[in-house]
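Please have the sequence and the 3D view open while I talk.

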Amino acid sequence: MDRATLVNVNEPLLNAPVTLTNCDREPIHIPGSVQPYGFLLCLNPANRRVTHASRNTAAHIGIEAEELLDTDLAQLLTPAQLAELTALYPTLTETPRLLGLRLDAVAGQPFYKLIMHRYDGLLWLEFEPVSDGEASAVDLSSLNVALGQMLAAGSVLEFCQHATDQIRDITGFDRVLMYRFAEDASGEVVAEAKRDDLEPYLGLHYPATDIPQQARALYLKNWLRFIPDVNYQPAPLVPVLHSTTSRPPDMTHAVLRSVSPIHLEYLRNMGVAATMTISVIVDGQLWGLMTCHHLTPRLVSYELRELSLIVGKTFSALLKSKLQNDDYAYQLHIRETQVRLFEQIGRHANFIEGLYQRRPTVLDVFDCGGAAICFEGDIITLGSTPTKPQIEELRQWLRENVTQEVFHTTSYSRHNPAGLAIRGTASGLLAISLAQEPGDYLIWFRPEVLQTVTWAGKSQKAEVHQDGQIFLSPRQSFEAWKQTVDNTSTPWRPMEVQAAQEIRLHLSDVRLKIYNELQARAASLSKLNSELERSNDELDSFAYVASHDLKEPLRGIHNYSIFLLEDYADKLDGDGVNKLQTLVRLSQRMESLIESLLQLSRVGRLELAVQEVDLNELLDEVLELLQPRLEQLHASIAVVDALPTLRCDPVRLREVFHNLFTNAMRYSDKPERQITVGLAPAKVRGPRGTGSPSHYVFYVRANGIGIDPKHHDNIFKIFRRLHAQDKYGGGTGAGLSIARKMIGRHDGEMWVDSVLGSGATFYFTVSKHL
């Protein structure tokens, strides 16, 4: 903001009282008065005569201000001193020049420091008295130590702490603060050097309004402001107005410039009696302030103020590189963590597990409070996060309202009122989409910034005037700042947003790679399945042809063996007859085996003839066919409740029930053989997971000899028998294999539940969607 702008904006307030409502427009650069610890003279550059004098000249040098007007300072200086000043006048600029001199023409010949500059069409001469015993020598060794420590600082915060320590050592102030501005112009105390008995201000935040814009503009022009006594009475200029304008002279660069009464009130409420402030400027922008406080009036010499200013300007010059180093260190942390995280993702078969099972996790990438992985309906949390139902609600909001791949905010509640409930852990969000279809997200959370700021005395009540006016104070400013940052987290930095995008792209690449691998694997499996299907078809064809073609010669062997027994038994001895009878039995068994093999091959070759079947009627047909054998073996079959009507191949299902009933009757040593059949409970599931509601589940239960659990799989293998051929009525050992294959053609499965000696229950499922 240039001087003309300041003048135009503030001129209407020249004669108005300054209040809390208009202090942001107070014309602080043209106060028309000075602080009385020195006195001021303004000269016309053309004739070097006094145009303005501060009212307190009489108190300092015994000469009234009016007596000095339009003089060439002959009342103060000798002709030799006047000649020396006259030679210096043409060299003056806005940058102050210091000259130590004795006012030889004044009674007592006092010593003063003369601070000179040129501005606003005037020559400015500011006189500061030299007090008795004042140290004038600059301690270069301490300055060297200060600069060395600042150069060696490893971080910005350490750098700030060294600077505050050195300024306090140089000036002796009770407290020195480093005050850093945020992007929203609010401020934070990031470093502090103080007396041990003082309340700490480290970590305090203040709203932008604590330092008005016109004050910030002056801080950019004038690096150092000094108030040795906040209770001073301003010494007005004589005359107040500029000789060629309708306003007071512009004191932007004046050391003695009087300050805002609002600012003085602020300092008094803090208990501060003296203060000094040094600007911290980076790339032409006000980064922060070094603020010094003393509880009693304190006049710091100009030399020590200049030494402090050297430290402040050096700090400003070095700060940019320190900030870049901090940024680089954080960026390096992000990069290194990303690399390690990506390595872990690559090592896990399930890439999501690589995000959280081992350190570093996604939580370690950024400075944040917590993180959540929302993937395929599951929510995995790390650190401090909202509850899973709250995260699910957030996920739905993102899905419905956010279209960009990377979304970040410092105040979720400003987008969605539901964010108020989670502000303690998730005022700020950084979310990336994990898929093209919305729903899967990786989310980082930052808490409300107030959750990270503490102040031991914040519960104290505000001080209030009797008329209700609230004092300005650090405590009141802190409360005002809290209102401006309510429901807000620390901002997400551009490097963090960029890193989140890189993580999203990497995860997309991983998912694409997995998808391509699955596609390749699926193609390979499809090829293998085709080859296996062809092989199975060939085997089925071979089994069918072999079993069909073998039946004719086998039948011939069987018939000719019978003929031999009938025609030649009387001509053979007992051993010969016995061998022929064995040949007949073996040919019969082989025919049974071949018939079983033929049936098994037919099951795989023939298509199902699916139709609507009433299972109750089908069972009646099976029971009618088995009735003679049921009576012979004293067996009973009970149907539990009515069975459903379903779509199936009735011939195949009839064979399944026939086989299970026959086995139940065969493998029993009980005098009464009891068999039950019905629908299994809804919770029953097969080994492959088939069951309700997609499948019907049936059972056939018998009180037979039972089956040892170790043989539960073996009994379904072709021609696998658990007993000798001559026990339990023989059999080929193919029936259960055929029955299981028939059920498989119905998109079901068959299994057994049994213990040796305690009967057996066979279960099978049939799909409801045939």
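Let me begin in the loop between helix H3 (65-68) and helix H4 (79-88), which is where Asp70 is found. Please keep in mind throughout that this is a predicted model. Asp70 has a positive phi of about 65°, although it is not a glycine, and that deserves a remark, because most residues other than glycine have a negative phi. Is Asp70 buried or exposed? With a relative accessibility of 52%, Asp70 counts as exposed, since the cut-off for that class is over 50%.

A second residue of this kind is Gln109, in the loop between strand S4 (97-102) and strand S5 (111-119). Gln109 is not a glycine either, yet its phi is positive, at about 45°. Its relative accessibility is 35%, so Gln109 counts as partly exposed.

While we are on the backbone, there are two peptide bonds to look at, given that most peptide bonds are trans. The bond from Arg359 to Pro360 is cis, with omega near 0°, and Pro360 has its place in the loop between H9 and S14. Ser692 and Pro693 are also joined by a cis peptide bond, with omega about 10°, and here the proline lies in the loop between strand S22 (673-679) and strand S23 (695-702).

Stepping back to the whole chain, we have 18 helices and 25 strands, and 47% of the 770 residues count as buried. If we take the contacts between residues at least 6 apart in sequence, 66% of them join residues at least 24 apart.

Which residues of H5 are buried? They are Leu143, Ala146 and Met150, and, viewed down the axis of H5, these buried residues fall within an arc of 60°, so they line one face of the helix. That buried set packs against helix H6 (156-171) and helix H9 (302-347), whereas the face of H5 turned away from the buried side carries the exposed residues Asn144, Leu151 and Ala152.

Strand S18, residues 441-446, gives a rather different kind of picture. Six of its six residues are buried, so S18 is largely enclosed by the rest of the structure. In a regular strand the side chains alternate between the two faces of the sheet. In S18, Tyr441, Ile443 and Phe445 point one way, while Leu442, Trp444 and Arg446 point the other way, and all are buried. Strand S14 (residues 370-375) runs antiparallel to S18 and is joined to it by five bridges, with Ala371 standing opposite Trp444. Strand S17 (residues 428-433) is likewise antiparallel to S18, through six bridges, and in this pairing Gly428 stands opposite Arg446.

I will finish with a helix pair. Helix H17 (residues 650-666) and helix H18 (residues 735-745) pack at an angle of about 145°, their axes being 9 Å apart, and H17 passes H18 in a left-handed crossing. The residues making this contact include Leu653, Val656 and Leu660 of H17 and Leu736, Ala739 and Ile743 of H18.

Terms used:
Residues numbered from 1 in each chain as written. Predicted model: local features only at pLDDT ≥ 70, side-chain atom pairs only at ≥ 80, totals over all residues. Heavy atoms only, no water. Buried < 20%, exposed > 50% of the residue type's maximum accessible area, 1.4 Å probe, protein only. Helix = DSSP H or I, 4+ residues; strand = E, 2+ residues; numbered from the N terminus. Arc of directions from axis to C-beta. Contact = heavy atoms within 4.5 Å. Pairing = 2+ DSSP bridges. Axes fitted to C-alpha atoms, helices over the stretch in contact; angles between N-to-C directions. Left-handed = near helix turned anticlockwise from the far one by under 90°.
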